[in-house]
Amino acid sequence: MKLRSAIQLASAALTLAALTFAAPATAADKIDPVADARAFKKFFTDKFPKVKLEDFVNGPYSMDEGLHRQWEEKEQFPPYEFSLDMGKEMFTKPFKNGKTYEDCFPNKGIGIRQNYPYFDEKEGKVITLELALNRCREANGEPPFSYVRDEMAALTAYMAFTSRGKPFDIKIPNDPRALEAYQRGKEYFYTRRGQLNFSCATCHVQSPGERIRAEVLAPALGIMNAMPIYRSEWSGMGTTSRRFTTCNSQIRGVPLNPQDDEYRDLEYYLSYVSNGLPISGPGARP
Amino acid sequence: MNMPRSALVSILLIASSVCAFAATEADYKAAYAAAEAANKEAAALRNQWTTTAATLAAAKKAADAGDFDAATASAREAEALAKASSFQATSEKERWKDMEIR
């Protein structure tokens, strides 16, 4: 009997201990975007104490003085300028039905980049700027543009340019589906994939400022603020979709289709954690 | 002692000669089908690797050229890659949290 009592007591103690340790795990799993964004900014500002918070939007050019000087010189004759001109012309040119992009967006599409992506409660999904632009085209009887080609880059470049300096203001509405989309985006960001077993965080959290071959890796903080970007490596402009799909294939993972739910959620997460940092797009990168 | 030793040697010889047999078209087809099935599983997990596709393509190219040894070897490698990508996707379901900034 004594033995049985001892076993029962030990079992009860173990159960209690398990419950005690299980409680903090549940708390840690709670989805808390505000705490995430705070921790995200703290991580990068602690890691790079000399970089001002708003300078993180300049990616690798914020990482040291030499690169910063390169960026300043580049900005005098920015390589994305041709795309900006093209985007402005496209944005104001009427569709065949006489309407323009202005008719699809709040404030006629000017100075609104900082509000994208947003969570559409009717649809229950994240809507990115690239997706909204193609939906606008289709609603007006025009064929959609490729998400990874110059036309989409030009349109988003122009819209970003009209929003420069405005702080990212991504909202997560009081809708469990929005919170789930945010969480899925976070999970995608930290999940290792591809034969090289890299996550987005491997490069942009663990190694910003380090070189991968000839490139200096950008910090994840502020990385969306500069989109779209002109990349010397590409000798051209790249959309957010192009950046995501290329990252996947570079680590030997088969990219998903541009604007698949995973990429939309990823953009939602990455944009949210950079809330408060200014839009700097279109950007230029080495 | 001599008999069992000679029996063992015979078995090893037979086994090695079986391994040395050239792969047939049927071997290749079976290996390719297994690799494709494994890659479909990875696709369902949204985590295919580009190297799996490239190795499957190499298997098909070797088979088209009539080299079923190389084709079968590539198909088996592709299956291993596909299974590794599925393992990665499954294990990352929880492991991603280790990387998270908190």
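## Basis of the model

The model is predicted, so local features are reported only at pLDDT of at least 70 and side-chain atom pairs only at pLDDT 80 or more, while totals for chains, interfaces and linings use all residues. Residues are numbered from 1 along each chain as its sequence is written, and side-chain values rest on heavy atoms, with hydrogens and water left out.

## Overall make-up

Chain A has 10 helices and 7 strands, where helices (H or I, at least four residues) and strands (E, at least two) are DSSP runs numbered from the N terminus. Taken along the principal axes, its C-alpha atoms fill a box of roughly 90 × 45 × 35 Å.

Of the 286 residues of chain A, 50% count as buried, that is, under 20% relative accessible area with a 1.4 Å probe, protein chains only. Where contacts (heavy atoms within 4.5 Å) link residues of chain A at least 6 apart in sequence, 69% join residues at least 24 apart.

## The β6-β5-β7 sheet

In chain A, 3 strands form an open sheet in the order β6-β5-β7, with mixed pairing; two strands pair if DSSP finds at least two bridges between them. Because β6 (236–238) and β7 (283–285) of chain A each have a single partner strand, they stand at the edges, and one side of each is left without a neighbour in the sheet.

Strand β5 (residues 229–231) of chain A runs parallel to β7(A) and is joined to it by 3 bridges; Tyr230(A) has Ala284(A) in β7(A) as its bridge partner.

Conventions. Chains lettered and ligands numbered in written order.
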